[in-house]
Amino acid sequence: MQQELMDNPPNADITILHVKHFYSREIAVKENITEYPTIIIYNGEDEITRRSGFVDSKTIDKILKEYETECVV
């Protein structure tokens, strides 16, 4: 999934975390992430969606477009 996101970046800023790093494990605990891979999309501090499993850039862009259509005036 990381390679797909790097090769075809979505229309959003992304941060990739690896559980082998201490900082990433802290975030996983804080965000209650129990499945890997997990993608969380935020608008500022608000969580828009959370998906487990492989999610490609095209799907991320679709989620963002749907969110903008429904929530952004």
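Predicted model: local features only at pLDDT ≥ 70, side-chain atom pairs only at ≥ 80, totals over all residues.
A residue is called buried when its relative accessible area is under 20%, exposed when it is over 50%, and partly exposed in between. By this scale Glu-47, with a relative accessible area of 39%, is partly exposed.

Begin with the strands. Strand β1 covers residues 38-43 and strand β2 covers residues 46-52; the two pair in the antiparallel sense over six bridges. Thr-38 stands opposite Ser-52 of β2. Two residues lie between the strands of this hairpin, and Gly-44 takes a positive phi near 65° there.

Next come the charged side chains. The structure holds three salt bridges. One joins Arg-50 to Glu-47, with an N to O distance of 3.0 Å. Arg-50 also forms a salt bridge with Glu-31, where the closest N and O atoms are 3.7 Å apart. Arg-50 belongs to strand β2, while Glu-31 belongs to the loop between α2 (22-30) and β1, so this pair ties together parts that are 19 residues apart in sequence. Glu-31 meets Lys-30 as well, in a salt bridge of 4.0 Å from N to O.

Lys-30, at 68%, counts as exposed. Arg-50 has a relative accessible area of 31% and is therefore partly exposed.

How values were computed
Residues numbered from 1 in each chain as written. Heavy atoms only, no water. Pairing = 2+ DSSP bridges. Helix = DSSP H or I, 4+ residues; strand = E, 2+ residues; numbered from the N terminus. Buried < 20%, exposed > 50% of the residue type's maximum accessible area, 1.4 Å probe, protein only.
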